[in-house]
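Open the model in your viewer and follow the stops below. Each one gives a selection and what to look for.

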Amino acid sequence: MKASNKYAAVSVVIALALLISSCARDPEKAKTKYLALGQDYMKKGRYGDAAIEFRNALRLDPRFVAAYYQLAQAALAQHDWSESFAALEKTIDLDPGRLDARLDRGRLYLASREFDRAEDEANFIVTQESKNVGAYQLLGAALLGPV
């Protein structure tokens, strides 16, 4: 009877080890889960919790562009301008063609009265997407800013 208990205990330990190792081997699923949880928190207005989930995703994949962008959005919602700017910088470093991140960064430049940089962002976006209304708004504000 004791041998069967030992066998059952060893079986449970092996099953748990296999389960844990299978999760550890698939960081893609885990990072996607963290991203989805963060996005759900964003919809509920729980920006701090969302930021935690986006950071969890980034721990698994430090090059996860979508998580950086979402982290920037969570920081913006909390009025944490420096964290938002840093996350937008990383987003753009990893994906220079990410126009939504460039528009947000341009708006932060505008808010900090860095009109030339805001104008540069707007011009970049317009050259990539000529019908981007937000880019034209940013451009107009940047050109009027120093007046």
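Start with the outward side of helix 2: on the face turned away from its buried side, select the exposed residues Lys29, Lys33 and Lys43. Exposed means over 50% relative accessible area, buried under 20% and partly exposed in between (1.4 Å probe, protein chains only). Helices (H or I, at least four residues) are DSSP runs, numbered from the N terminus.

A word on the source. This is a predicted model, with local features needing pLDDT of at least 70 and side-chain atom pairs counting only at pLDDT 80 or more, while totals for chains, interfaces and linings use all residues. Residues are numbered from 1 along each chain as its sequence is written, and side-chain values use heavy atoms, without hydrogens and water.

Now select Lys31, Leu35, Gly38, Tyr41 and Met42, the buried residues of helix 2. They sit on the same side of helix 2, because their arc around the axis is only 125 degrees (taken from the directions from the helix axis to the C-beta atoms). An α-helix has 3.6 residues a turn, so residues three or four places apart point the same way. Show helix 3 (47-60) and helix 4 (65-77): both are among what covers these buried residues.

Step just past helix 2. Glycine 45 has a positive phi of about 80 degrees.

Next, go to histidine 79, in the loop between helix 4 and helix 5 (81-94). Its phi is positive, about 60 degrees, although it is not a glycine. Histidine 79 counts as exposed, at 55% relative accessibility.

Finish at arginine 113, in the loop between helix 6 (99-111) and helix 7 (115-128). Arginine 113, too, is a residue other than glycine with a positive phi, near 65 degrees. Its relative accessible area is 59%, so arginine 113 is exposed.

Definitions and conventions. Helices (H or I, at least four residues) and strands (E, at least two) are DSSP runs, numbered from the N terminus. Contact means heavy atoms within 4.5 Å.
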